[in-house]
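The tour goes through a few selections in turn.

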Amino acid sequence: MRVLKINNRDYVLKFTSKSIQELNAQDITLTALIDDLQTMKVDKLYTTFMYGLKTMQPDMTMDKALDILDQYYEEDENNDLEVFFTLVIEEYSKAMGLGKKFMETMAQQKAEPVQQKE
């Protein structure tokens, strides 16, 4: 669970077994989100964000979640898509009991040198 302060308001991002099951029924898995991170495809990410907010705020809709996301990006120029992806995926993985493994994987990816095409 993570509390996000956006536009001077607290939003709780939390995933449960129920929300993960609902996301998986839509083919939104942890692996799919990580793959989308590589291509910066956001559809599944934004749906996942809405479900994470909906856990503690049952009246959450996709339109409300997208408005919150717009505020997130506008509020701080350091709030970029990659940071947001990582934040959501980290919370998703924690709910599956994979938080430590996720953090190790992310640390390993950052440590690997980027190979340039010739």
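Start by selecting N7, in the loop that joins β1 (2-6) and β2 (9-13). The model is a predicted one. Show the backbone and check the torsion angles: N7 is not a glycine, yet its phi is positive, at about 55°. Most residues other than glycine have a negative phi. N7 has a relative accessible area of 48%, so it counts as partly exposed, since the exposed class begins over 50%.

Next, select D27. This residue sits in the loop between α1 (17-25) and α2 (30-39). Is its phi positive or negative? The phi of D27 is positive, near 60°, and this residue too is something other than glycine. With the surface still on, D27 shows a relative accessible area of 58% and is therefore exposed.

Then hide the surface and move to helix α3, residues 43-54, where T48 is found. Is T48 buried or exposed? Its relative accessibility is 0%, so T48 is buried; the limit for that class is under 20%.

Stay on T48 and display its side chain.

Finally, select what surrounds T48, ignoring its neighbours within four places in sequence. The residues in contact with T48 are then F15, L23, I28, L33, V88 and Y92.

Key
Residues numbered from 1 in each chain as written. Predicted model: local features only at pLDDT ≥ 70, side-chain atom pairs only at ≥ 80, totals over all residues. Heavy atoms only, no water. Helix = DSSP H or I, 4+ residues; strand = E, 2+ residues; numbered from the N terminus. Buried < 20%, exposed > 50% of the residue type's maximum accessible area, 1.4 Å probe, protein only. Contact = heavy atoms within 4.5 Å.
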